[in-house]
Amino acid sequence: MEQEQSEVTTTRKVTLKALPIGEAISVGVLADKLQVDPVQVIKQLMRAGIFASMNQAVDFETASVVARAFGFAARKIEGASGQGLTGVAEDSSSKSLEVRPAVVTILGHVDHGKTTLLDAIRSTNVVDREAGGITQHIGAYQVTHNDSPITFIDTPGHEAFTAMRARGAQVTDIAVLVIAADDGVMPQTSEAINHIKAAEVPIIVAINKMDSLEADPEKIRRQLAEHDLLVEKWGGDVIDAEVSAKTGEGLSVLLENIELVAEMAELKADPARAGVGVVVEAELDRSRGVACTVLVQTGTLRVGDFIVVGSVRGRVKALVSDKGQRIESAGPSMPVEVLGLNDLPIAGDRLVVVQDEKTARMVVEERLKNDGANRVNRATLEDVGSLISQGQAKELSLILKTDVQGSVDAVRQSLEQLGSDDALVRIVHSGTGAITETDVLLAVASEAIIIGFNVKPDQGAQRLADHDKVQIRQYDIIYRLTEDIEKALKGLLEPEVQDFVEGTAEVRAIFALGRTRKSAGCYITDGKFTRGDKARVIRGGQEIFDGAISGLKRFKDDVREVLSGYECGLSLDGFNDFFEGDIIEAHRERVV
């Protein structure tokens, strides 16, 4: 039959290689199967009017159109999963597939015993070397239980977990949530739960500190139920284990549960292929150069391999195991320290082995040339509403931040009531306080829109949201918020224009530009100033002028923009009455 042929020939006598894929496939996995950079796949999708990130899935028809552009003919295979938990494509027909160790991430509140638990599992002492007993960096370690290796990633918090996830690094197979039996679910625990749910990985709850006299595991299970995590003892599907990192109680049960979940997931990889991995951490060592901890996801990484990591290249000079031993190769799910890169990569960057130095250089040049193309336009509230009204989306994912806890409960309840059978409102995470970078990273990872009620994003969060094209909508009246969400669910919401502060400066000197015109010598205290933006002059807390920035100078040179921490000469169209001490805010209107 035609479907069973290894090649398909078109009428134009162009031979296309057959590409077996399932009903749906993620962009990252499709790029891996096509053996091209994900940026190229994203650009191809954009040409077809489809905006998708590396983690998003596309259907078979869309994937087949993209595949044809790269010389492949897609062939549908039934029952294909499309993507393993680590986000690396594997050919299910390969005879080299082998069972690989599970990769486990430990998350939880800052002092609930995450590192102590890992320390007890691998029988070495890490905590004593950490300042104040708090984990200072990400570490990856492999332990053996019942002759089966398990890889553990110890993170400083769910922020790092989500940052890697947001960059497309789906590292974790299983998340172990550590909760102290004598303390309970804390705000950081709640955040960790929401971040794990967004990553869509299985959760195992480790109820730690069972040796404490105040230990109350039933209270923990009750609190978990309030967060929609029902343990098996209560008729749910979440596995929990009562442990004590201090005495070693219950550790074997926890490890057996990890093995059970891993066995059900049928984790496999192909050690015969070229190595593919992800950077867990990286540092510049004075004596050894760039040293980065890499988790090999599939294939085998060997000393002497030419590698590309993000936009950095190099050749593997040495591999060091988590035990500190020099090794010649590292296989699937193995954490290893890699020496030989020419620059520092970023945590979450993918490592790929390439044929030679020339190929490595070409890949890096292509990625640098296309820098920014990977930053696709994420869906706005208006976009999602339109997709829901057309039947192309079934839920609206939101991250909610408010000023006080009472507002969280009230707003959350109001929003969830707006959902219907056709469109569900899903609150990915809710909390109090300003919108932070962590909220933006979570929005990237979960494809959510951020809603702020009586709160604003901090400067770092706004810059990150601009960079990653995440929509932040701010409200101070609850009925306007619910009204907009209701309109969005019906596809009736019109784009809204909001005013954003781009930068702040202080006037420190006044210069004459002629008889009538004056320029202000300013120091940029925050953000940036760009010629053409509007700027408001604030004196004594009152706005006295708002107009366009007509000129920016650095020393005697005209410049397009000036960043925070630099001095500049600034002139405004229609204003000369500068005073020393005036505050100037550069601002710009943007569709939100």
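User: Which residue has its charged end over the ring of F579, and how far is that end from the ring centre?

Analyst: Happy to start there. A charge sits over a ring if NZ of Lys or CZ of Arg is within 6 Å of the ring centre and within 35 degrees of the ring normal. Here the residue is R539, whose charged end lies 4.2 Å from the centre of the F579 ring. Keep in mind that this is a predicted model, where local features need pLDDT of at least 70, side-chain atom pairs count only at pLDDT 80 or more, and totals for chains, interfaces and linings use all residues. Residues are numbered from 1 along each chain as its sequence is written, and side-chain values use heavy atoms, leaving out hydrogens and water.

User: How many aromatic pairs are there?

Analyst: Rings of Phe, Tyr and Trp (its six-membered ring) pair if their centres lie within 6.5 Å; planes under 30 degrees apart count as stacked, over 60 as edge-to-face and the rest as tilted. That rule gives two aromatic pairs. F545 and F575 are stacked, at 4.9 Å centre to centre with 25° between the planes. F575 and F578 are edge-to-face, because their planes stand at 85°, with centres 5.1 Å apart. F545, F575 and F578 make up one aromatic cluster.

User: Is F578 buried or exposed?

Analyst: Buried means under 20% relative accessible area, exposed over 50%, partly exposed in between (1.4 Å probe, protein chains only). F578 has 4% relative accessibility, so F578 is buried. F575 is buried too, at 9%, and F545 counts as buried at 17%.
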